[in-house]
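Subject: Structure for you to look at

Hello,

Here is the structure I said I would pass on. Please open it first, then read the notes below next to it.

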Amino acid sequence: MGAVDTEQVWSATVDRLRSLIDSGKLPPGSRLPAERVLCEDLGISRGSLRQALRVLDSIGYVRIRAGSGTYVREQQEQPLRTWFTEHDQLVEKLFDLRATVEPTLAERLARQATAKTVSRLEDNVAEMAQAAEDGDMLHVIAADAEFHRVIAQNAGNDDVAGLLRSVLALVGEERRAALRLPGQIRKAVDDHRAILDAIRRSDPAAARELTLKHLVDAKIYAHDFAAHPEER
């Protein structure tokens, strides 16, 4: 199976599992069936299933517990501003962690990106833009998570990439909330295009600077949104 077909399989799997969760067939707190059972039911490989579960974990839809299984998470029901007010310090720390790691990875990738990796990022940005146009919020969030994961996976520094994967495992709710802020989806798509362009033209300094600005801007906007309700 080719790369494009593989991506279509796990993307379709994300949609099918989301549908099961949204319909209540997999309620919050429940554990998903074993990998073998899911693979048989969905007609997919373990690799495609694990990638789909990783994306769902990244967007705060499920939580993967090592040695225990994958569980459906409670979906956020709080008003957006209330959530940010209650989680302001956590969001700031998570963005700071990401800003410490991700610019370095983008810089490294810009020095050595293969045509295949650039193509994957191009497809991802197009997918995110289309999902935004369609109003498919969860697809937008999944594409956002995958963009940053692809950079980490292909940057050529396993230790730093491993650290980022650990950080990203914590930011499902933060990502879901941040992209719901007014205007943030369009800005995220534009930022990703700019980062991609820097990687494509092999400009490490620009890739680093644009990634840092992307994360710092998001942190500042989230903080201001929670701190100044009268301005929104």
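Start with the contact in which Met137, Val140, Asp144, Phe147, His148 and Ile151 of α7 meet Ile185, His192, Ile195, Leu196 and Ile199 of α10. By class, these residues are eight nonpolar, two polar and one charged. Keep in mind that this is a predicted model.

Two packed helices are described by the angle between their axes and the distance between the axes. For α7 and α10 the angle is about 25° and the axes are 12 Å apart. Angles under 35 degrees count as roughly parallel, so α7 and α10 are roughly parallel to each other. Their crossing is left-handed.

Next, look at α6, residues 115-134, beside α7, residues 137-154. The axes of these two helices come within 8 Å and cross at roughly 165°. An angle over 145 counts as roughly antiparallel, and α6 and α7 are therefore roughly antiparallel to each other. The crossing of α6 and α7 is left-handed. On the α6 side the contact includes Thr117, Leu121, Val125 and Met128, and on the α7 side it includes His139, Ala143, Phe147 and Val150. The residues of this contact divide into 10 nonpolar, five polar and five charged.

α6 also packs against α10: their axes come within 10 Å and cross at roughly 165°. That makes α6 roughly antiparallel to α10. The crossing of this pair is left-handed. In α6 the residues are Val118, Leu121, Glu122, Val125, Met128, Ala129 and Ala132, and they meet Ile185, Ala188, Val189, His192, Arg193, Leu196, Ile199 and Arg200 in α10. By class, that contact has 11 nonpolar, one polar and three charged residues.

What is phi of Ser202 near? The value is near 55°, which is positive in a residue other than glycine. Most residues other than glycine have a negative phi.

Two notes on aromatic rings remain. Arg65 lies over the face of Tyr71, at 4.3 Å from the ring centre. As for rings paired with each other, centres must lie within 6.5 Å, and by this rule the count comes to zero aromatic pairs.

Regards

How values were computed:
Residues numbered from 1 in each chain as written. Predicted model: local features only at pLDDT ≥ 70, side-chain atom pairs only at ≥ 80, totals over all residues. Heavy atoms only, no water. Phe/Tyr/Trp six-rings, centres within 6.5 Å; stacked < 30°, edge-to-face > 60°. Lys NZ or Arg CZ within 6 Å of the ring centre and 35° of its normal. Axes fitted to C-alpha atoms, helices over the stretch in contact; angles between N-to-C directions. Helix = DSSP H or I, 4+ residues; strand = E, 2+ residues; numbered from the N terminus. Parallel < 35°, antiparallel > 145°, perpendicular 65-115°, else oblique. Left-handed = near helix turned anticlockwise from the far one by under 90°. Contact = heavy atoms within 4.5 Å. Nonpolar A, V, L, I, M, F, W, Y, C, P; charged D, E, K, R; others polar.
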